[in-house]
Amino acid sequence: MRDRTIKDFLEQLAARVPAPGGGAAAALAAAQGAALVGMVARYSTGEKYAEHRETVERIIAESDELRAAALRLAEDDAAAFTAVADAYKLPRATDEEKAARSAAIAVSLIGAGRPPAAVIALAERVVVLAAELLPVGNPNVISDVAAASEAARAAATTARVNVEINLSGIRDEQARAELGAAAGAVDDIAALAGHVTEAVRKEIAK
């Protein structure tokens, strides 16, 4: 996925194929949010921002790591969803085949829930970094702090749906609890993103 052009990715996203889908799109939204945080932080370096140098350098390093991780999650999500589609295609003519198919589906659904759950956690970090950068970052690119927050919010809310659609078919109680907890964190992430965006809009309106 990382070697495709944007045009090629969007064409495949629009095609009638199992993957990439909403999960990969959520991960790429998180990657864009992380990239925007990194960009604002890089515009917030130099003598003028020396007081916050350590904070800014830390944000640059973490945002770069998050961007790379989000891209990997986009690929993981596409692979996991393909595994679900493959499991549903398994034969079911005999009782043995039915049992093997059901077991494969159960495993694949848990696997498909993990990448979007990880995207939610990653998106939360992006929003937290945006909130941290807002008061110390370069005011000339303050709108991009809001853009980062909104991209991360979209990533989290989209990923939540992808967790929930897999959750409905998962019977393993521990997996359900873990994935459910990830989905349950999204409202707080969205609220923080909203606070960041509102703070940016107030600054812009001054």
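So, the lining of the second largest pocket: its residues divide into 10 nonpolar, 5 polar and 1 charged. Here Ala, Val, Leu, Ile, Met, Phe, Trp, Tyr, Cys and Pro count as nonpolar, Asp, Glu, Lys and Arg as charged, and the others, Gly among them, as polar. Keep in mind that this is a predicted model, where local features need pLDDT of at least 70, side-chain atom pairs count only at pLDDT 80 or more, and totals for chains, interfaces and linings use all residues. Residues are numbered from 1 along each chain as its sequence is written, and side-chain values use heavy atoms, with hydrogens and water left out.

By pocket I mean an open set of points on a 1 Å grid over the protein atoms alone, where a 1.4 Å probe fits, with protein on both sides within 12 Å along at least five of seven lines; lining residues have an atom within 4 Å of a point.

This second largest pocket holds about 190 Å³, a volume being the space filled by probe spheres set on the points, which are joined across faces, edges and corners. Of its 16 lining residues, D77, F81, N162, I165 and N166 are the closest to the centre. Which element supplies the largest share of that lining? That's α3, with 4 residues; helices are DSSP runs of H or I, at least four residues, numbered from the N terminus.

Now the largest pocket, at about 360 Å³. It has 15 lining residues, with I6, F9, L28, Q32 and L71 nearest its centre. Two or more residues each come from α1 (6-14), α2 (22-42) and α3 (53-88), and α2 gives the most, 6.
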